[in-house]
Structures are given as structure tokens and as C-alpha cells.
Amino acid sequence: MEPQLEVHVPTPRPHLQRIGSRLYEVGTDFRPDMLVPARVFADEVLAEQMARDRSLDQLVNVSTLRGIVRAAYGMPDMHEGYGFPVGGVAATLLPDGVVSPGGIGFDINCGVRLLTSAIEYAAVGDRIEAVVHELSRSVPAGFGRASKQLAFDRAQLDHLLNEGVPYLVTELSIGLPEDLERMESGGRLPWARSEQVTERAKNRGHDQLGTLGGGNHFLEVQVVDEVYDRAAAKALGIEEGRVTLLIHTGSRGLGHQVCTDWLKVMDVVMPHYGIEVPDRQLACVPFSSREGQGYFAAMAAAANFGFGNRHVIAHRARQVFTRILGPRAELHLVYDVAHNTAKVEEHDEGQVCVHRKGATRAFGPSSPEIPKAYRAVGQPVFIPGSMGTASHVLVGTDAAAALSFGSCCHGAGRALSRTASKRQVHGATLRKELEARGIVVRCASNAELAEEAPLAYKDVDRVVDVVHDAGIARKVARLVPVGVVKG
């Protein structure tokens, strides 16, 4: 008898069908294990870019999670991630729907904070280089970097993990009391329990408060280049020509370790709950289970650390701005929003756990969750570009609740991997190009600078137009960089 040849049948790739002007779908007929459709907000160009990596496959996998409702959503910046694609949103019905660390990510509560000033760039442009230099000295940046100025003992760290930014403001006089009104959830997730955070995670984080980290994290001194919605801009305190500061970072090594620790737990116990997933990176457990509640409490504690990290950086930045530019350069917080969290929310389906991986909230004016000062316009939404392009300020809409569980994208989204970017760009050359355009750059590593080159990212203006046209959020203003600090 002749030997039988093994025939490999390739797994079909998902194909997006257009179902709206800015909405595409992979229907449940694509795979028998899909519980809901996989839907993507995009245009033709962005949809084609998504098809180049595994992000659509990952979004289809998300649609199989126990308890998922309505759809698995992909934002226009969607690209391949761990488990969930970056730019993925999914809600699971409580109490039996699952919670999945892959739907939040390793950098728990990575987020963006925007501060604005009353200073015109035209009056201080010659001093921006000094500002950027002092920011780079005041805020440690880079992988593994620790803070020489602020290291917490265990009691202080536990207070921060449990109480979030209110602890920093009330007990340590870091920042301003009014800051608390202009942060998502007041800078504190109430479900946090520090005892669910391992000692290893605490050891990694105790001296990293007020540090930037590496990768795509940054401080950017920016100028308001264009205002699209003057009423909304006025409500947010944004004016053309004014100097602003955008902070992008998260929970550093502490959050990464929390994710690592609980992924291992879930991988072991999933069979006990009869859960099978198409990708081990989607390890999950029922939200109501002991392990689900443990992870959720640890995730919230790491999120509180992330809020605190950005808060300390903002405190130091305020000191730099007023020291160099004078008292009129005092920075006022516009908003602080997270883009790697899971939260319990009420939607049409009932109480759900909304996973936002590389996606932010975009709540509309009617939401009691947003500051009173913004209820006439909606929650601020920030979509940063790369260091050589623009960033955008938007406001959420009431329609977003039905469209995307009140969610929006968090940036331009990668078009090239870090390795591919380094193959095409030399960091030293990029540094010179940026500085020739009037953008002051402080980054210790040319290699890391090359990883974050503008060509590595999608067209942020295109991404923002999709969000605006889809009705998830409205464009308010465009900001352009004049100074960048990167890890």
C-alpha cells in the first residue's frame, strides 16, 4: 500500500463585508463557533490595511467568547495584538460572561492626559527646546527606568493601588483637587484590591511612579493648530495657537506583571469552567468566579497605578512649564482617559463587562459619568498620532453607546511592526528630519526612535475622519507637535 500524503487545507481568512458607510462586518456564518458578528469601523484604505495582519482573525476569535453580546468591535486603528487585536472592544453579559486579560492588555490603563495653557506658542517658541530638555530630566523615560525622586514603601503603594489619584492629592499634595473632576472615574476604579496584586508586581512598580517607560509612550509639547468645533473647544479650554501637553503612558512594570500573573492562573483553571478558546492568548474565566473577581480587582489596582503615574508626570510637567515659561504657563487638565481597561457598565443588554483594548470611552453629553463642565458637549476623546504628525481632540456622542458600547479608537494604529520600521528608518536620520521641521526630540535611543517613526503608523487624519463620520465622536481640534520626549 502506498503511503498516504497528508493534505494541508489552508484556514480561510475572514473577509469584511461593507454594511454601512464606515462599517464592515464578518458575519456569524463565517465560522460555526462565532456567537456574534465581528464589526469594524473603517474606510476602504484602513480595511485593506487590517487584512495584512492577523487582527481580523483575532477579532473573529473574540466573537466566540462566552457571554459576548451584540458584536466584537474593531476600531479604525485596529492592528494585531495579544489575544484581542489592539483596537478591540467586546462586552460580556454578567454575571456569567467571561473576563479576559487579553481584552485589556499587558499595559493596564495605558492612557492619555491632555493639559492646556494660556500661553501662545508665538510668544515662547524660542524656549520650547529648554522646556523639552527639562521635561526629559524631570520624567525618567525608557524601559525599566525608575524614579529617583519618588519611591513608595509597601503601605503607600497599597494606598495608591486601592485609592488611586485621590490618595496622591489628599495625602501627598501632588496635583490639584480640581484635577479629580477631570479624570475618567475620578482617577480611581473602586473595584481595586491591592491584596490581589502579587509581591513581584509590587516590586516592579514601587519605584516607577512618575516614569514614562518605552515603546510608544511619550510626552509631547503641542500647539493647537486648528479648531473644528468652537463651542466644544471653548468648553474644553482649547484655543488656536495655545501650547498644550499630551502625556501617554500606563501602569509600567506593575501592570505588565498583573496581566502575566493572572494569565497563568486562567490558563490552568479554564477547563474547570468548561471553557475552550480558539487561541490560548484569550485565556478567560467567568467574571463572577473567584479567579474572575481576583483578576478584576488586581486589574483595577493596576489601573489606579496608571492614573497615578500620569498624575505625577503632569505634576512635574507643571513645575517645568512655570519655571521656564512663567506663571501664565500653568497647565490646566482637560481630561485623562484610559485605553486598556475593563469596566462594569449598563448598556441596552443589561450589566456588562466592557473590554477596551487599545480603545477609549467616548460617552456622550447625557452620560452622568463625565464631568459636569462637559455635559453640554460630551466626554473628551484623544487620538494621538505619531511624533511627526498631528493629534486630535474629539468629544463622544450619545449615539456611540448603540454603535460601539460608547467606545472609540485610541490612536493612529500601527501599520508596520517595530522590526519592520527599524529596517526602513534610521533613528539618527529621523531625529534630524524632525528637528529640521521644528520638532525638538529627546530620546536616548535612536533604535527606539526608529521603531516609532511616522511611517510605522496609519494616517491619523484618516482614522479620525472615520470616527467622526461613523458618529462615534465629533472632531473638536487638531494639535501638532513642537517637542517630544520618548523612552
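The following dialogue goes through some features of a predicted model.

Visitor: What should I know about the model before reading it?
Guide: The model is predicted, so local features need pLDDT of at least 70 and side-chain atom pairs count only at pLDDT 80 or more, while totals for chains, interfaces and linings use all residues. Residues are numbered from 1 along each chain as its sequence is written, and side-chain values use heavy atoms, with hydrogens and water left out.

Visitor: How is a pair of aromatic rings described?
Guide: Two things describe such a pair, the distance of the centres and the angle of the planes. Rings of Phe, Tyr and Trp (its six-membered ring) pair if their centres lie within 6.5 Å; planes under 30 degrees apart are stacked, over 60 edge-to-face, and the rest tilted. By this rule there are 6 aromatic pairs. In one of them, the centres of Trp191 and Phe296 are 5.1 Å apart and the planes stand at 45°, so this pair is tilted.

Visitor: Where do Trp191 and Phe296 lie?
Guide: Helices (H or I, at least four residues) and strands (E, at least two) are DSSP runs, numbered from the N terminus. Trp191 is in the loop between helix 6 (165-172) and helix 7 (199-205), and Phe296 is in helix 10 (residues 290-325), so the pair ties together parts 105 residues apart in sequence.

Visitor: Is Trp191 buried, partly exposed or exposed?
Guide: Buried means under 20% relative accessible area, exposed over 50%, and partly exposed in between (1.4 Å probe, protein chains only). Trp191 has 29% relative accessibility, so it counts as partly exposed. Phe296, at 3%, counts as buried.

Visitor: What kind of pair do Tyr335 and Tyr374 form?
Guide: Their pair is edge-to-face, with 6.5 Å centre to centre and 70° between the planes. Tyr335 is in strand 11 (residues 332-338), and Tyr374 is 39 residues apart from it, in the loop between strand 14 (359-361) and strand 15 (380-383). Both Tyr335 and Tyr374 are buried.

Visitor: Which rings does Phe405 join in a cluster?
Guide: Ring pairs link Phe405 with Phe41 and Tyr73. Phe405 is in the loop between helix 11 (400-404) and strand 17 (407-409), and its relative accessibility is 0%, so it counts as buried. Contact means heavy atoms within 4.5 Å. Leaving aside neighbours within four places in sequence, the contacts of Phe405 include Val69, Arg70, Tyr73, His347 and Phe363.

Visitor: What lies over the face of Phe405?
Guide: A charge sits over a ring if NZ of Lys or CZ of Arg is within 6 Å of the ring centre and within 35 degrees of the ring normal. Arg70 lies over the face of Phe405, 3.8 Å from the ring centre. Likewise, the charged end of Arg361 is over the ring of Phe363, 4.5 Å from its centre.

Visitor: What is a nonpolar core?
Guide: A nonpolar core is a set of buried Ala, Val, Leu, Ile, Met, Phe, Trp, Tyr and Cys residues joined through side-chain atoms within 4.5 Å. The largest here has 128 residues, and Leu135, Val221, Leu245 and Phe321 are among those with the most contacts inside it. Helix 10 gives the most to this core, 18 residues.

Visitor: How are two packed helices described?
Guide: They are described by the angle between their axes and the distance between the axes. Axes are lines fitted to C-alpha atoms, for helices over the stretch in contact, and angles run from 0 to 180 degrees between N-to-C directions. Angles under 35 degrees are roughly parallel, over 145 roughly antiparallel, 65 to 115 roughly perpendicular, and the rest oblique. The axes of helix 5 (residues 154-163) and helix 10 come within 7 Å and cross at roughly 100°, and the two helices are therefore roughly perpendicular. Their contact includes Leu157 and Leu161 of helix 5 and Ala301 and Phe305 of helix 10.

Visitor: How do helix 9 and helix 10 cross?
Guide: The axes of helix 9 (residues 252-269) and helix 10 come within 9 Å and cross at roughly 170°. That makes helix 9 roughly antiparallel to helix 10.
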